[in-house]
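Here are my notes on this one, written for someone opening it for the first time. Have a look at the model, then go through the points in order.

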Amino acid sequence: MEKHNNLGGIMEKKDSSENAAEQSYGDVDKEKGGIKTMPFIIANEICEKLAVVGFSKNMVNYLTYQLHMPLTKAANTVTNFNGTSSLTPLLGAFIADSYAGKFWTITVATVIYLLGMILLTLAAALPQLRPPPCEGDQVCQEASGNQLAVLYLSLLLAALGSGGIRPCVAAFGADQFVEEDPKHPKKTWIYFNWYYFALGASILLASTVLVYIQDNVGWSWGLGIPTIAMALSIVVFLIGYPLYRILDPAGSPYTRVVEVFVAAFRKRKVPLVSDPKFLYVNEELDASISTDGLLHHTKQFKFLDKAAIVTEEDAVKSSGKPDLWKLNTVHRVEELKCILRMLPIWAAGIIFATSSAQQNTFSLQQANTMDRHLTKSFEIPSASMSVFAMASLLITIVLYDRLLVPFSRKFTGVDRGINFLQRMAIGFFISILATLVAGFIEVKRKHAALAHGLINSPKSTIPISVFWLVPQHSLHGIAEAFMVIGHLEFFYNQAPESMRSTATALFWTSISAGDYTSTLLVTLVHKYTKWLPNKNLNKGKLEYFFWLLTFLQVVNFVYYLICAKFYTFKALESQRIEHGGDHVEGVELASQV
């Protein structure tokens, strides 16, 4: 049996860690950052959302009517694009945190996105890049291989661009506010308020004005406008460069995770220590990744604690840096434990995202067959029906903040009324109602088609108002206000501070997995049933598909409740210096959001 060295109880004392933390803030120009940077940063995100939403909301119509794709192939193309756009943030977060920093990652990613939008606009404007139009009952010619190659290349560039923008813009904006700085006291909440408001406004604009232009003026203009906006956003973002507080990359969190795994595996035969005080702690080494305080040791995943056991072979000196592939600090081990604890909650978001994905595919096709007249001369674009989801989302956010939070605070004592796990549970439940209602609305739509002899006329308008779809869209919007924002809060709050960009990327990967799950589910249902026909939705059983999603969400809801019940919140060994100079320590649970 190997002898354990008592160096585990030795810590590079607080003076060094505090000096390092102070230096990390001291290196930053205090005159930079703050609210004055908000317009430049948020403008970039607004244009990205205009481009993404302006196309993705109406993409099924573009693929089916302009490129003549079969419905299920078009639906899968939409979800694959959305899934890839939500998966690439892992790459973007890695590059930003490890090498390039957030500013240059955002800049380069926006340029890549712009190239994709330019290519997409050219494909819509040039006749040779799309198949010839077809009228009436004429058999439509599908897009050729070369035409599809141009489409897929443009979507790939857009997805890569999203990977650099999505995980970095929110985090880069938060970097502009140092809450320890008395010149900028606790103003990050202002940034996030404007951030989400700007996102909502851009989505509303894209879902209405841009979609109307695409349907009634032309796709070249409908895609050209967000392309121009994206180009302008790069200029505006770069103009703000002298004002930004730009922090250097803190090093790859992925590397630290792998180091802990490797160190624990190498010491797999070393017995666990009886007291966590004997585990290796080095505050100086961890100073740059623990400015909020060191992570408190937890009893879960005890095998990983072996990475922090000091043996004679480690030969650690009191002032030296260990070989991190053999020995890690408790803080770094706990970083990995935090990520592992979040994964079950992360997985619960996949089925929710699968359900939400149908708003841009089959719900849109439902709207195409219904009476969309608002007046005798004005028709609502089918893709604009999502405006009801976004309006419900924004209204719910306001009511949540102004009514629910103060009311629930009286009973829970939590500053935010309810914590993020409870908020997510409400969202999961409302999403179940959304797909349940969607199935019944589809039954009503088909009954109207049957009553008017239009079952065999897929291109005819069924005399039933498109506003029957408002309940399912509104319920989806309300569900997102609870679940999606709660999910994002969960990742930001429970992730180690040095992994918050990565945590934002992790949030997007749950959406990505949901989109890919939708693709798989649609493919399997189409192959083995007749629920989702390509040519005539009236002859299908779309309601069965919606109810299948309802059943999956019920199972997922039960799974989530179990995970939430046994979830262990992140705990910090919080440290602060009082005005009198006395050092105060404590353990702080990061659960109240």
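1. Confidence first: this is a predicted model, where local features need pLDDT of at least 70 and side-chain atom pairs count only at pLDDT 80 or more, while totals for chains, interfaces and linings use all residues. The mean pLDDT (the predictor's confidence in each residue, from 0 to 100) is 82 for the protein, and 87% of its residues reach 70 or more. Residues are numbered from 1 along each chain as its sequence is written, and side-chain values use heavy atoms, with hydrogens and water left out.

2. Where pLDDT is low, the predicted coordinates should not be read in detail.

3. On to the fold. You'll find 17 helices and five strands in the protein; these are DSSP runs, numbered from the N terminus, with helices being H or I of at least four residues and strands E of at least two.

4. How much is tucked away? Of the 593 residues, 55% count as buried, meaning under 20% relative accessible area (1.4 Å probe, protein chains only). The accessible surface, from the Shrake-Rupley method with a 1.4 Å probe, comes to about 26400 Å², and 64% of that belongs to carbon and sulfur atoms. Take contacts between residues at least 6 apart in sequence: 82% of them join residues at least 24 apart.

5. His 487 is buried, at 2% relative accessible area. Its side chain reaches the backbone oxygen of Ile 345 at 3.4 Å. Setting aside residues up to four places away in sequence, His 487 touches Ile 345, Trp 346, Gly 349, Met 424, Phe 507 and Ser 510.

6. Ser 510 turns up again with Ala 353, a residue of helix H11 (residues 330-357). Ala 353 is buried too, with a relative accessible area of 8%. Which residues is Ala 353 in contact with, leaving aside neighbours within four places in sequence? They are Ser 510, Ile 511 and Gly 514. The C-alpha atoms of Ala 353 and Ser 510 are separated by 7.4 Å, though the two are 157 residues apart along the chain.

Terms used. Buried means under 20% relative accessible area, exposed over 50%, partly exposed in between (1.4 Å probe, protein chains only). Contact means heavy atoms within 4.5 Å. A polar contact is a pair of N or O atoms within 3.5 Å; within protein, one must be able to donate a hydrogen and the other to accept it, and residues adjacent in sequence count only if both atoms are side-chain atoms.
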